[in-house]
Amino acid sequence: MAIKITKNSKAFTIISSHSSPYANFREILEELTDRTTNINGEEYLIGGDFNAHSQRWSYRDEDARGKQLQEFIAEKHIFLLNSSDSPPTFEHNK
């Protein structure tokens, strides 16, 4: 889902995404690529639950989705807003 806010001829898009742990993650990243490409250089913010683990966002482990998401972030020159010492927004205790 995406919403575009325009004020004084300046546009800003907010993109919200959720990826089920069972979804094809490459397809999710391709959809995000399409959305960010279609906004033609405007500023945007992506927020989402990607079910991706990475130490960059405070998980103890890293999974394939986490690696793919990190590659996406690097390729698109996206800034990650949370710091590595921030607690995860969800913790699962086994």
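This is a predicted model: local features need pLDDT of at least 70, side-chain atom pairs count only at pLDDT 80 or more; totals for chains, interfaces and linings use all residues.
Local features were taken at pLDDT of at least 70 and side-chain atom pairs at pLDDT 80 or more, while totals for chains, interfaces and linings use all residues. Residues are numbered from 1 along each chain as its sequence is written, and side-chain values use heavy atoms, without hydrogens or water.

The chain contains two helices and three strands. These elements are DSSP runs numbered from the N terminus (helices, H or I, at least four residues; strands, E, at least two). Their order from the N terminus is β-β-α-β-α. Of the 94 residues in the chain, 23% are buried. Buried denotes under 20% relative accessible area, exposed over 50%, and partly exposed the range in between (1.4 Å probe, protein chains only). Contacts are defined by heavy atoms within 4.5 Å. Among contacts with a separation of 6 or more, 54% join residues 24 or more positions apart.

One aromatic pair was found in the structure. Rings of Phe, Tyr and Trp (its six-membered ring) pair if their centres lie within 6.5 Å; planes under 30 degrees apart are stacked, over 60 edge-to-face, and the rest tilted. Phe 25 belongs to helix H1 (residues 25–38), and Phe 50 to the loop between strand S3 (43–49) and helix H2 (64–75), so the pair ties together parts 25 residues apart in sequence. Phe 25 is buried at 5% relative accessible area. Phe 50 is buried at 11%.

Arg 65, in helix H2, contacts both Phe 25 and Phe 50. Its partners beyond four places in sequence also include Ser 19, Tyr 22 and Asn 51. A polar atom of the Arg 65 side chain lies 3.0 Å from the backbone oxygen of Phe 50. Arg 65 is buried but has no salt bridge. The nearest side chain of opposite charge, Asp 63, is 5.9 Å away; here Lys and Arg count as positive, Asp and Glu as negative, and His and the chain ends are not counted.

Three salt bridges were found in the whole structure. The criterion is a side-chain nitrogen of Lys or Arg within 4 Å of a carboxyl oxygen of Asp or Glu. Lys 4 bridges to Glu 42, with the closest N and O atoms 3.2 Å apart. Lys 4 lies in strand S1 (residues 2–7) and Glu 42 in the loop between H1 and S3, so this pair ties together parts 38 residues apart in sequence. Lys 4 is partly exposed at 46%, as is Glu 42 at 24%.

Arg 26 and Glu 71 form a salt bridge at 4.0 Å, N to O. This pair links helix H1 with helix H2, across 45 residues. Arg 26 is partly exposed at 42% relative accessibility. Glu 71 is partly exposed at 42%. Glu 31 and Arg 35 form a salt bridge at 3.7 Å, N to O. Both lie in helix H1, four residues apart, or about one helical turn.

Terms used:
A polar contact is a pair of N or O atoms within 3.5 Å; within protein, one must be able to donate a hydrogen and the other to accept it, and residues adjacent in sequence count only if both atoms are side-chain atoms.
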